[in-house]
Each structure stands twice: as C-alpha cells, then as structure tokens.
Amino acid sequence: MGTWWKERVFYQIYPRSFQDSNGDGIGDLRGIIRRLDYLKELGVGAVWLSPIYDSPNADMGYDIRDYEKIMTEFGTMEDFDELLREMHKRDIKLIMDLVVNHTSDEHRWFKESRKSRDNPYRDYYIWRDGQNGQEPNNWVSFFAPSAWHYDEGSSQWYLHLFADKQPDLNWGNPCMRREIYDMINRWFDKGVDGFRMDAISFLAKEPGLPSGSGEGRYVFSPEHYTFQPRLHDYLREMRRECFDGRDCMCVGETSFVTTDIAKTLVEGGQEMDLLFQFDIVEMDGEGGKWNVIPFDLSRFKKIINDWQHAIDWNTLFWGNHDQPRIVSRFGCTASEELRVRSAKMLATAMYLLRGTPFLYQGEEIGMTNYPFTCEAELRDIESFNLLEQNRDREDWAWRGIRAKGRDNSRTPMQWTDAPNAGFTTGTPWIGVNPNYREINVEKALAEEDSVLHFYRRLIALRSGSETLQYGNFTLLLPDDPQLFAYKRTLGDETILVCCNFSGSEAAIPAQFAGERLLAAGADGDTLLPYGAVAVRIE
C-alpha cells in the first residue's frame with residue numbers, strides 16, 4: 001500500500017461556507033465541483049471534507065441523523081458521486097469526516113433507544129439512572145453545564161459529552177460497532193480514500209463512569225473518557241474490519257493526546273496513520289480556551305521540537321473549522337503589508353516541517369477573523385453557550401469569542417469583490433467578512449506577490465523536494481527571542497528555514513547563506529518584521 005498521504009498537501013473544506021451554487025446562501029457539493037480546478041492549481045492533492053451527511057445542524061453537521069444520506073442543503077448522493085469522480089479525475093483524494101463518538105438525537109438508532117429501557121437499541125447509547133434526583137455523575141459537557149440529559153419517557157439520563165442533541169454512542173456494544181464498520185465500508189466501496197475521525201479520543205469511557213474530582217457541581221473530567229484502555233481495542237478492530245487491505249488513510253482528532261502516548265496510536269500501522277494534536281492551538285489560552293494570552297515563541301519551539309521527535313510523522317496545521325483565523329491569531333493584521341507578510345511567514349514556519357500539511361480554506365489568501373459586534377451575527381453553539389453561562393461578565397466572553405470563536409473560520413470563502421464575495425447570489429447563512437473587497441481570490445490571483453501565489457510556490461517547492469518531504473528535522477536557534485529556525489536534511493542536501501515571529505527586524509544568521517528557495521520579507525541579510533526565508537546550503 002502506498003503512503004500517498006505523506007506526499008500530498010491536504011485542504012480542508014467546510015462545505016457550508018465554501019461555494020454556493022444555487023443561491024440559497026449555503027455552500028454545497030456542486031459549488032465545490034466548480035472550484036476543483038482552483039484547488040488543483042493551488043497544488044492540493046487531497047481534500048478533507050467536513051460532514052456532509054443528513055443532519056439537523058445543532059452542531060453544524062457534527063450531529064448526524066443519517067450516515068448514508070447527504071444533507072439536503074448540500075445536494076444529493078448523485079452530486080456526491082460526481083464530486084468524487086471529478087476529484088479523482090484531477091488526482092485529488094477525498095477524505096470524509098467520520099463522526100462516531102456520537103450521533104444526532106434524531107438518528108434512527110436513538111429514536112428507538114429512547115422508546116423504552118428494553119428496546120434493542122437502548123444499549124447503542126449510554127443510559128444510566130440518576131443519583132439522588134440528580135445526574136449519574138458530575139461530568140461537564142463541552143457545550144453545556146452537564147454531560148447528561150434527563151429523558152422523561154424512560155426516567156433515565158443519557159450521556160452527551162457535546163450538545164444534548166449529540167448523545168454518545170456506546171462503543172462497548174458489538175452490534176453497534178458492527179453497524180459502524182459496515183457503514184464505513186460502504187463509503188470505501190463508493191471510492192472515498194480515507195477518513196478524519198472526529199473526537200476519536202472519547203470512544204471508550206472508564207467502566208463505572210466515576211465522577212471527576214474537583215469543586216463545583218459539574219467537573220471537567222477527561223481522565224475518565226479519554227484514551228481509556230479499550231480505545232485501542234476499538235481502533236484496532238476498526239482497522240482490521242475497515243482499513244486493512246485498502247489503499248487509504250485515517251487521521252484521528254485526538255484531543256488530549258500527549259507525546260508520551262501518541263506512539264501507541266500511530267506507530268505499527270495497527271490503529272491510525274496520523275493524528276491531530278492541539279498543543280499549538282491551545283497555547284494561547286490560560287486555564288482554558290477563552291482566557292486569551294499572547295503567543296509565546298519559546299513555548300512554540302518546544303512544542304514543535306517535542307512533537308517532531310515524539311512520532312515519525314506529524315500533521316502540520318495552524319487552523320481548522322474549530323479554530324480562529326491564523327493570521328489574526330498568530331500573525332499581524334496591523335497593516336495590509338504585515339497581514340500579507342505574516343501569512344506567508346506562518347505558512348513557511350509550519351508547512352516545511354516533517355509531516356503532512358493540512359490547510360484550511362481561506363488560509364491561502366490570508367483571511368482574517370470577523371469583527372463580531374452582536375449575538376445575532378453568531379451561529380456557533382459553543383459561543384452561544386459561553387455567552388449564556390457568562391451573562392455576568394459578557395465583556396470577557398465577547399473578547400474570547402472575537403479572538404477564538406469558531407464562527408471566525410466559518411464565514412464564507414472570499415472569491416471576488418462582488419456582493420457576498422462571490423460566495424452566493426442569495427443571503428449567506430452567516431455574514432461575509434466586510435474586508436472581502438480587499439481580501440479575495442480574484443485579487444490575489446492578479447497580484448504576483450500575494451499570499452495565494454506564495455502558497456502555490458511553497459506547495460510546489462515542498463512537493464518537488466524529497467528533503468522537504470522525508471528529510472530529518474533539527475531545531476536551530478532554540479533560545480533566539482525572535483527567530484524560529486530549523487534544518488531539514490536528507491542525504492547530502494540540507495535546507496534551512498528561518499522565520500521572524502516578531503514585529504522588529506532581525507539579522508539573518510550567517511549560517512543561512514545559500515540558495516534562496518523561498519522568501520518573504522527578506523531584505524539582504526535582514527528579515528523584516530514577520531519575514532521568512534528558506535535556503536539550500538552546500
């Protein structure tokens with residue numbers, strides 16, 4: 001089996017916001033088909049498609065009502081088949097989102113499950129009696145105060161680590177697992193090339209579901225539902241039943257993974273090929289996501305170095321549908337010049353590392369966070385819940401939402417300077433960033449020095465270099481307060497990368513004298529603020 005997933009650049013599409021083809025204000029599959037040549041010209045070799053399955057959209061498609069139907073707003077199964085054919089015609093692989101920690105409460109299994117305690121589907125989910133008129137334990141949900149919801153009909157509680165409309169599946173039930181594996185295989189038989197496995201850390205819960213230790217009525221308790229021993233049994237079984245014998249790949253969203261346990265998941269080919277770790281995107285929060293703190297370069301260097309040596313092959317990403325826009329978060333938007341340069345620098349810093357790059361839509365033109373001003377502009381359940389639980393400190397909550405709310409990455413793709421950025425002829429489901437007239441694909445294509453053309457050059461450089469794909473990684477200048485630098489070596493070839501993460505100029509160290517392969521803001525021997533350079537040395 002090939003390792004094509006090591007050599008291709010992935011691009012995540014959030015379908016609702018990518019391209020609308022029928023004027024209803026919602027992106028769809030036919031819109032994606034329209035833009036495949038754009039992706040090919042960018043250099044993309046694989047697409048990760050966020051969920052397109054039938055869903056009531058309590059959590060924007062991550063609450064699945066039917067795993068084998070297409071969401072009506074997105075199109076039909078015939079549209080999907082055409083999308084897959086057109087992607088493969090362009091040698092672009094398709095990775096689907098696999099959401100199997102939970103379903104929607106409108107899924108057929110759950111509707112049956114809640115009918116009675118002795119229904120055959122009851123054990124497909126996690127039902128428990130309460131304790132003293134309260135929840136079975138004190139676990140907090142990611143989206144609500146309690147991880148339990150009381151069901152009047154059967155006088156029991158069901159577990160939901162996310163929204164109450166996202167009941168957790170019981171992976172201890174072999175019949176449920178069999179149905180999941182059969183579903184996965186039917187998608188493989190249609191021709192999909194792999195899966196990104198949502199919330200995969202959470203499949204196995206600690207037997208007995210013990211309460212977490214901590215103060216307050218509801219306690220954050222990941223020690224009882226992440227990386228439990230049986231998780232490895234489930235992942236290995238899934239590998240045997242679905243992935244083995246196919247030229248495919250799987251990448252896990254492994255929240256709470258550490259460098260110590262990562263090898264157990266991705267080495268040996270028995271569980272997953274790749275994993276997403278979130279140490280970088282969590283480094284600007286103190287005691288939680290919403291307490292925003294400044295970027296710390298020394299901490300960033302340590303995270304990169306630790307992960308590059310912890311496992312043989314990493315995922316390389318700055319953002320996704322759950323994260324704010326990277327140039328607003330880790331770059332600089334104080335001026336147009338700095339937005340452009342810092343977007344290029346961030347790309348250079350991340351995507352020339354050892355591993356598989358995952359770009360998020362709009363990143364390649366340097367899209368920014370949305371200037372939210374009121375609750376009516378929001379669409380994300382996480383932000384609504386944050387505001388609801390913090391009415392006594394709304395200023396604090398709004399600072400968090402503007403900086404790190406998930407809606408920032410979900411505003412429509414900015415294609416042109418036409419109304420609604422060329423995304424739709426109708427009313428978009430969420431507001432288009434008002435800066436679309438300055439930041440859009442059409443304008444970027446016309447400017448040789450744009451972020452988009454830089455991404456094209458970077459991807460072409462990486463794709464044409466065995467050293468940048470398979471070379472070893474060595475961190476350089478670990479104590480420099482401005483520069484992030486590293487070395488990639490393979491055989492006799494050495495490529496050095498140097499990035500200025502500060503708003504001040506920095507001298508390029510003498511060791512970086514060589515053939516410049518890629519540069520942004522490199523003026524002679526000086527790196528301008530947020531400049532970057534990659535060189536080949538003899």
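**Ground rules.** I am working with a predicted model, where local features need pLDDT of at least 70, side-chain atom pairs count only at pLDDT 80 or more, and totals for chains, interfaces and linings use all residues. I number residues from 1 along each chain as its sequence is written, and side-chain values use heavy atoms, with hydrogens and water left out.

**Entry: H453.** I found H453 in helix α15, residues 451-463. Helices here are DSSP runs of H or I with at least four residues, strands are E runs of at least two, and both are numbered from the N terminus. Is H453 buried or exposed? H453 is buried, because its relative accessibility is 17%; buried means under 20% relative accessible area, exposed over 50%, and partly exposed in between, with a 1.4 Å probe and protein chains only. I then listed what H453 touches, leaving out residues up to four places away in sequence: A444, L445, E447 and E448. Touching, or contact, means heavy atoms within 4.5 Å. With L445 there is also a distance to note: a polar atom of the H453 side chain lies 2.9 Å from the backbone oxygen of L445.

Entry: I traced an open sheet of three strands, ordered β6-β8-β7, with antiparallel pairing. β6 (127-128) and β7 (148-151) are the edges; each has a single partner strand, so one side of each has no neighbour in the sheet. Strands pair if DSSP finds at least two bridges between them, and β7 has four with β8 (residues 156-159). Within that pairing, I noted Y150 bridged to W157 in β8.

**Entry: N420 and A421.** Most residues other than glycine have a negative phi. N420 is not a glycine, yet its phi is positive, about 60 degrees. A421 also has a positive phi, near 60 degrees. I placed N420 in the loop between α13 (394-404) and α14 (441-446), and A421 lies in the loop between α13 and α14 too. N420 is partly exposed, at 22% relative accessible area, whereas A421 is buried at 0%.

**Entry: α9.** I checked the length of α9 (residues 297-310): its 14 residues should span 20 Å at 1.5 Å a residue, and the end C-alpha atoms are 20 Å apart, which agrees. The expected span is 1.5 Å times one less than the number of residues. The buried residues of α9 include F300, I304 and W307. Its buried residues pack against elements including α8 (262-266), α11 (336-351) and β15 (483-490).

Technical notes:
A polar contact is a pair of N or O atoms within 3.5 Å; within protein, one must be able to donate a hydrogen and the other to accept it, and residues adjacent in sequence count only if both atoms are side-chain atoms.
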